[in-house]
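Work through the exercises below with the sequence and the model side by side. Try each task yourself before you read its solution.

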Amino acid sequence: MLALDAEHLWHPWSPTRVNPDTVLAVSGEGCRVTDADGRDFLDAKSSGFNATLGYGRTEIVEAVTDQLSRLMTYDLGEGSTLPAVALARRMADLTGPPLTRTYFCNSGSEGVEAAVRISRFYHAVRGFPGRFGIVSLHGGYHGSTMGASACAPAPTPISSLVTAPGFTVLSGPERPDHRSLLAEVERHLTEHGDQTAAVIVEPVQARFARVLPDTFLRELRDLCDRRGVLLIFDEVTTGFGRTGRMFAWQHGGTRPDILITGKGLTAGYMSLSAVTTTGEVFDAFDRNKSQAGFVHGHTHSGHAAACAAGLAVIDILETEDLAGNARDRGRQLLTGLEPARSLSSVRETRGLGLLVAVELDSSARASGVRRRMKDDGVLVRRVGPAIILAPPLTVRSVEIEEITVKLLAALETENAA
Ligand SMILES: Cc1ncc(COP(=O)(O)O)c(C=O)c1O
């Protein structure tokens with residue numbers, strides 16, 4: 001199969017063909033996946049941060065199967081479906097007012113794309129088409145479609161081929177002084193506020209597990225309000241329990257005008273994302289129907305079986321208090337990794353809930369750690385010089401112990417290499 005893969009499959013993010021390091025996953029149970037050779041791995045990265053409830057949850061499979069057998073989908077552009085309505089309602093319950101209106105897409109990138117357009121169109125239908133700019137922070141990741149990638153451009157030699165107009169990336173939370181970061185946003189909005197549609201941030205940047213402090217988010221909220229700029233929180237990775245609250249912004253008591261969620265919404269069982277906005281944003285479109293409104297959508301927007309998966313996932317999250325488990329297991333993980341800080345090659349350990357990073361002094365060393373972890377039966381993600389851990393929210397204490405012990409060993413070996 002790997003030979004056929006090398007011949008025919010084009011993997012995302014990868015110019016290269018499969019290599020002996022590629023996991024050909026064939027089954028999964030709980031936090032573990034098994035490959036085609038029968039090797040078993042503890043998945044400390046939840047596939048692509050999306051298998052948030054682990055593998056083999058029959059309740060979700062049954063909810064999807066049941067929906068598929070009755071009605072797999074029906075076009076939301078013209079009609080509606082029971083699970084889409086129920087899930088939009090459930091989202092409103094989870095977010096609380098004023099976030100009352102949900103627009104469904106299929107992936108995080110599509111969600112970001114829709115949020116960018118909603119922001120621009122929102123100002124345009126109210127008579128301010130010049131409010132076009134989208135401001136984001138360095139170090140984030142918002143997706144790979146044209147608008148989404150413009151919020152966090154990848155620095156490659158050919159990235160100029162996929163640029164889009166009207167995007168400004170300011171410094172990011174890797175800058176230790178958050179006051180000066182806020183001052184930079186303020187300066188930008190003072191100069192360009194009347195040409196700015198929205199500021200988009202991740203409350204915890206998923207790529208490197210960098211946390212934006214609550215005070216920063218609150219002051220950013222104030223700043224946006226003063227300048228009439230919409231505030232978008234991209235919670236594609238952090239939403240649905242990952243950081244120890246249902247949504248990461250709920251740690252700090254501030255709210256976005258637009259919330260984007262994805263991965264954890266369906267826990268990897270189907271593909272779905274959601275853009276949840278305030279009634280005020282939606283009503284602006286409704287009041288200005290003559291302006292054509294929000295002309296945007298996808299054939300599979302709000303696919304009925306995907307929405308059924310979302311409903312089953314939220315039931316499980318609530319019944320098993322998995323945000324609480326993410327908080328407790330996350331603390332266990334960060335505490336367990338404290339000894340790593342004494343290693344000369346470890347720059348920092350950080351994170352919130354079950355989104356944790358160990359930053360090393362080089363990408364090569366981080367690659368070595370990732371490889372050693374895999375050889376030892378634990379899958380982690382490497383981004384640049386950092387190892388990112390994001391196990392399923394269902395992870396048990398003994399599994400956190402296994403990740404910690406094996407990671408400390410791999411870090412020590414690489415430190416000595
Ligand atoms: C914060 C954030 N936004 C957007 C995306 C894009 O989501 P997708 O890969 O589903 O398009 C991701 C994916 O990693 C993400 O972490």
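**Exercise 1.** In which sense do strand β11 and β12 pair, and over how many bridges?

*Solution.* Before starting, note that this is a predicted model, in which local features need pLDDT of at least 70 and side-chain atom pairs count only at pLDDT 80 or more, while totals for chains, interfaces and linings use all residues. Residues are numbered from 1 along each chain as its sequence is written, and side-chain values use heavy atoms, with hydrogens and water left out.

Step 1: find the strands, remembering that helices (H or I, at least four residues) and strands (E, at least two) are DSSP runs numbered from the N terminus. Two strands count as paired if DSSP finds at least two bridges between them. Step 2: β11, residues 258–261, pairs with β12 in the antiparallel sense, and four bridges join the two.

**Exercise 2.** Which residues touch the most other members of the largest nonpolar core?

*Solution.* Step 1: a nonpolar core is a set of buried Ala, Val, Leu, Ile, Met, Phe, Trp, Tyr and Cys residues joined through side-chain atoms within 4.5 Å, and buried means under 20% relative accessible area (1.4 Å probe, protein chains only). Step 2: the largest core has 75 residues, of which V199, L220, F240, I387, L389, L407 and L411 touch the most other members. Step 3: helix α11 (residues 304–319) gives the most to this core, namely ten residues. Step 4: because domain 1 (2–56 + 321–416) and domain 2 (60–319) both give residues to it, this core lies between them; the domain bounds come from an automatic or database domain assignment.

**Exercise 3.** Locate the cis peptide bond and describe its setting.

*Solution.* Step 1: the cis bond joins P97 and P98, with omega about 5°. Step 2: P98 lies in the loop between α4 (82–95) and β4 (99–105).

Notes:
Buried means under 20% relative accessible area, exposed over 50%, partly exposed in between (1.4 Å probe, protein chains only).
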